[in-house]
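Here is a short briefing on two spots worth a look in your viewer. Have the sequence and the coordinates open as you read.

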Amino acid sequence: MNLVDAFMMGELNRGNELMVFDWDKAAQRIREVQPVSASAGLRNDWEHTGGAIYRNGKPVIDSYTYLSSTWAVPELDMDSAVEPCYRMRHEVPSWDHDTKWPLSALKILEEVTA
């Protein structure tokens, strides 16, 4: 999606509640699937929002992602299998587009190697 279309979608959905990437669900799914790699991004806007979040058995902390939107669904991509992965902002008020591997999700991931 180009930037103009993304901006227009944002304007059309102004005031709607944010969908934020569900780090706990992502950690649980990574634990279950044990992919080689995982990425996260916003549907139809991966080129501007997506990035690596898990690689070689470890969380990736230093890649860029932007993972909340009023219109684009946050998604989890594990070894090219993509699925919706979000919660509504009111469910996790301390999470936003900048959230990256909160402690609750890291604890779930730790169970992979335990």
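Phe 21 and Trp 23 are both buried in this predicted model. Their rings pair edge-to-face, because the planes stand at 75 degrees, over the 60 degrees that this class needs, with the centres 4.8 Å apart.

**Aromatic cluster**
- Trp 23 also pairs with Trp 101: the ring centres are 4.9 Å apart and the planes meet at 55 degrees, so this pair is tilted.
- Trp 23 has a relative accessibility of 1%, so it counts as buried.
- Trp 101 is buried too, because its relative accessibility is 4%, under the 20% limit.
- Taken together, Phe 21, Trp 23 and Trp 101 make up one aromatic cluster.

**Ser 69 and its surroundings**
- Ser 69 is part of strand S5, which covers residues 68-69.
- With a relative accessible area of 7%, Ser 69 falls under the 20% limit and is therefore buried.
- A polar atom of the Ser 69 side chain lies 2.8 Å from the backbone nitrogen of Ala 72.
- Leaving aside residues up to four places away in sequence, Ser 69 touches Glu 17, Leu 18, Met 19 and Leu 42.

Technical notes
Residues numbered from 1 in each chain as written. Predicted model: local features only at pLDDT ≥ 70, side-chain atom pairs only at ≥ 80, totals over all residues. Heavy atoms only, no water. Helix = DSSP H or I, 4+ residues; strand = E, 2+ residues; numbered from the N terminus. Buried < 20%, exposed > 50% of the residue type's maximum accessible area, 1.4 Å probe, protein only. Polar contact = N/O pair within 3.5 Å; in protein donor to acceptor, adjacent residues only side chain to side chain. Contact = heavy atoms within 4.5 Å. Phe/Tyr/Trp six-rings, centres within 6.5 Å; stacked < 30°, edge-to-face > 60°.
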